[in-house]
Amino acid sequence: MTQSALSPTRSGYFGYTFSPVGMVAFVVILFWAIVAILAPHIAPYPIGKIIDMDYFGPISSKLWLGSDYLGRDMLSRIILGARYTLGIALAGVLVASGSGVILGMAAAVIGGWFDTVLSRFMDAMISIPSKLFGLVVVAAVGSSLPALIMTLAVIYIPGSYRFARALAVNVNTMDFITVARIRGENTFYLAASEILPNIIRPVLADFGLRFVFIVLLLSGLSFLGLGVQPPLADWGALVHENIQGLSFGSAAVIAPSIAIASLTISVNLLIDNLPRKIRDRSA
């Protein structure tokens with residue numbers, strides 16, 4: 001047999017092979033990202049404009065997803081709601097994952113009392129039920145967009161910290177870290193130049209999972225009336241507003257539920273079907 005026959009073939013983009021399921025999931029995520037970015041330009045009507053004299057109007061050539069409980073176009077509200085759902089969730093996960101990874105690497109590199117105190121504090125934070133914490137904080141400080149983002153971020157910082165610290169502790173015991181310490185490198189250099197490149201792949205996979213958690217928590221808070229406030233709305237708020245239309249089989253309550261499910265399931269499928277080289281630092 002020839003050498004080419006014995007060696008495995010590598011195909012796909014940039015040397016990675018993506019499964020069909022992963023590609024479909026990526027297309028769905030890309031679709032919602034484009035919708036969120038271009039929402040004001042592609043929405044047929046303003047988000048609060050009443051265009052139907054009937055509530056929970058049926059699907060028609062004028063109203064592709066029917067109307068809501070006030071006669072507003074549901075397609076426009078879902079398109080514009082994508083900006084709030086994806087925008088708030090992305091901002092929250094950036095703060096949560098960024099802070100958690102930085103603190104986790106710092107705890108692993110510094111160690112000692114700093115690691116002990118910070119880890120015990122994060123353990124106490126993670127023991128608080130996320131929905132209960134979100135309800136209390138949002139009810140106390142209000143549901144403005146900055147308050148929502150910071151609340152969601154604080155809830156998921158402990159989980160991101162524990163994940164990053166576990167990875168960083170393993171890397172911190174390796175020989176090249178010892179050599180860097182002998183050279184006199186500082187904590188910032190060790191974390192940014194030695195540890196982060198070796199944990200970035202699993203951290204990115206964790207980033208995607210936390211994005212899903214934040215989307216679901218944000219939708220839950222909005223469903224309870226503590227999320228994005230009217231006339232603006234994210235997808236969870238749209239379900240909350242039109243829940244009475246469920247008995248009518250209205251698309252006003254079904255469509256935003258499908259939007260939430262399509263986004264969260266696609267992110268999960270994309271992460272599950274990423275090439276092993278991306279997901280696993282040892283690959």
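Q: Why is aspartate 68 called buried?
A: Happy to start there: this is a predicted model, in which local features need pLDDT of at least 70 and side-chain atom pairs count only at pLDDT 80 or more, while totals for chains, interfaces and linings use all residues. Residues are numbered from 1 along each chain as its sequence is written, and side-chain values use heavy atoms, with hydrogens and water left out. Buried means under 20% relative accessible area, exposed over 50%, and partly exposed in between (1.4 Å probe, protein chains only). Aspartate 68 has a relative accessible area of 0%, so the residue is buried.

Q: What makes arginine 77 and aspartate 68 a salt bridge?
A: The term asks for a side-chain nitrogen of Lys or Arg within 4 Å of a carboxyl oxygen of Asp or Glu. Here the closest N and O atoms are 3.7 Å apart, so the pair meets the rule. Arginine 77 has 0% relative accessibility and therefore counts as buried.

Q: How do you know that glutamate 241 and arginine 77 tie together parts that are apart in sequence?
A: Their side chains meet in a salt bridge at 3.1 Å, N to O. Glutamate 241 lies in helix α9 (residues 235-241) and arginine 77 in helix α3 (residues 74-110), so the pair ties together parts 164 residues apart in sequence. Helices here are DSSP runs (H or I, at least four residues), and strands are E runs of at least two, numbered from the N terminus. Glutamate 241 is at 15% relative accessibility, so this residue counts as buried too.

Q: Which residues are linked with Arg77 in a network of salt bridges?
A: Asp68, Arg72 and Glu241 join Arg77 in that network. By the rule, the count for the model comes to 9 salt bridges.

Q: Why is arginine 183 called partly exposed?
A: Its relative accessibility is 47%, so arginine 183 falls in the partly exposed class. Its salt-bridge partner is glutamate 194, with the closest N and O atoms 3.9 Å apart. Glutamate 194, at 14%, counts as buried.

Q: What makes asparagine 242 buried, and where is its place?
A: At 0% relative accessibility, asparagine 242 counts as buried. Its place is in the loop between α9 and α10 (251-272). A polar atom of its side chain lies 3.1 Å from the backbone nitrogen of tyrosine 69.

Methods. Polar contact = N/O pair within 3.5 Å; in protein donor to acceptor, adjacent residues only side chain to side chain.
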